[in-house]
Amino acid sequence: MAGKKKGITELRVGRLTKAHGLKGAVKLELFTDEPARRFVPGASFSLQVPAESEWHGKSLELQELRWYNGHPVGFFVGVSDRTAAESLAKAILWVDSNDAEELEDDAWYDHQLVGLDVQREGVSVGQVVRVEHFPAQDLLVVKTADAEVLVPLVKAIVAEVDLEAGIVSVTPPGGLFEEIEESPAEAPAEPAAAKVEPIAAENKTKTEAE
């Protein structure tokens, strides 16, 4: 979800999950491999929150990043109690790309992926129309001839992104882009022909009458 500000591309770097303690601290989910460089005192983050949130259109300044039992916890300027911290739950943190470090080899901005041709074994199966961000993973939304397909942005499925060629090469599991055709069930074996004794005419007539 890049380009929240007109003319500026932004990079998603983290998400606030829930309040920690009583003094305004907030637990963080980090989307960067180098938090020591990104989350430094004085760093400013734009907030992605619902329009009805009191934080809509505002930014946060980091005061300090601490670690508790292996989990990052942020202290922010102006967030001084648990109530304020709880109001920030699920907010996504963004920074201007001009201020961001170089992206890793396997990381891209949303706007770089949107519009790319998605190919499987060299054959086009659709086009990336947007990128969805979720706590567990990011998803490419691929528009095919019939529908929109959600493709997990993981190496096992998205094998290569060639920005110059405008191609995303995928190796999807069966059924992701098409319904899996069920193998025809094996026809049951015909029972062995039973020995049939001739039926007398009067017996047959009696059976039909019954």
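First, a caution. The model is predicted. Please keep that in mind throughout.

Let's start with the overall picture. The protein chain has four helices and twelve strands. Of its 210 residues, 34% are buried. Now the contacts. Residues 24 or more positions apart account for 49% of them.

On to the strands. In general, strands of a sheet pair through backbone hydrogen bonds, and the pairing is either parallel or antiparallel.

Look at the strand 10 end. Strand 9, residues 138-143, pairs with strand 10. The sense is antiparallel, and there are five bridges. Find K143 on your screen. Its bridge partner in strand 10 is E148. Hold on to E148. We will meet that residue again.

Next, strand 5, residues 71-76. Is strand 5 enclosed or open? Five of its six residues are buried, so strand 5 is largely enclosed by the rest of the structure. Who are its partners? One is strand 2, residues 25-30, joined to strand 5 by two bridges. Those two strands run antiparallel. V26 stands opposite G74 of strand 5 there. Another partner is strand 4, residues 59-68. Strand 4 and strand 5 also pair in the antiparallel sense, over six bridges. In that pairing, E64 stands opposite F75 of strand 5. Strand 4 and strand 5 make a hairpin, with two residues between them. Check N69 in the turn. N69 has a positive phi of about 55°.

Now the charges. Side chains of opposite charge can pair when their charged atoms come close. The count here is six salt bridges. I will show you some of them.

Start inside a helix. E86 and R82 meet in a salt bridge, at 3.2 Å from N to O. Both residues lie in helix 2, residues 82-86. E86 and R82 are four residues apart, about one turn of the helix. How accessible are they? E86 is partly exposed, at 45% relative accessibility. R82 is partly exposed too, with a relative accessible area of 33%.

Now move to R130. Its side chain meets that of E132 in a salt bridge, at 2.8 Å from N to O. R130 also has a salt bridge to E148, at 3.3 Å. What does that bridge tie together? E148 lies in strand 10, residues 148-152, and R130 lies in strand 8, residues 123-133, so the pair ties together parts that are 18 residues apart in sequence. Shared partners make this a network: R130, E132 and E148 are joined into one. So E148 is back. E148 is the bridge partner of K143, and E148 belongs to this network as well.

How exposed is the network? E148 is partly exposed, with a relative accessible area of 42%. R130 is partly exposed at 35%. E132 is partly exposed at 24%.

Last topic: rings. Searching the whole structure gives one aromatic pair. F39 and F45 form that pair, with ring centres 5.0 Å apart and planes at 25°, so the pair is stacked. The cut-off for stacking is an angle under 30 degrees. Buried or exposed? F39 is buried, with a relative accessible area of 4%. F45 is buried as well, at 0% relative accessibility.

Rings also meet charges here. R12 lies over the face of F31, at 3.9 Å from the ring centre. K58 has its charged end over the ring of W55, at 5.8 Å from the centre. For that second contact, the distance cut-off is 6 Å.

R130, E132 and E148 form one salt-bridge network. And F39 and F45 are a stacked pair. Remember, the model is predicted. Thanks, and over to you.

Definitions and conventions:
Residues numbered from 1 in each chain as written. Predicted model: local features only at pLDDT ≥ 70, side-chain atom pairs only at ≥ 80, totals over all residues. Heavy atoms only, no water. Phe/Tyr/Trp six-rings, centres within 6.5 Å; stacked < 30°, edge-to-face > 60°. Buried < 20%, exposed > 50% of the residue type's maximum accessible area, 1.4 Å probe, protein only. Lys NZ or Arg CZ within 6 Å of the ring centre and 35° of its normal. Salt bridge = Lys/Arg side-chain N within 4 Å of Asp/Glu carboxyl O. Pairing = 2+ DSSP bridges. Contact = heavy atoms within 4.5 Å.
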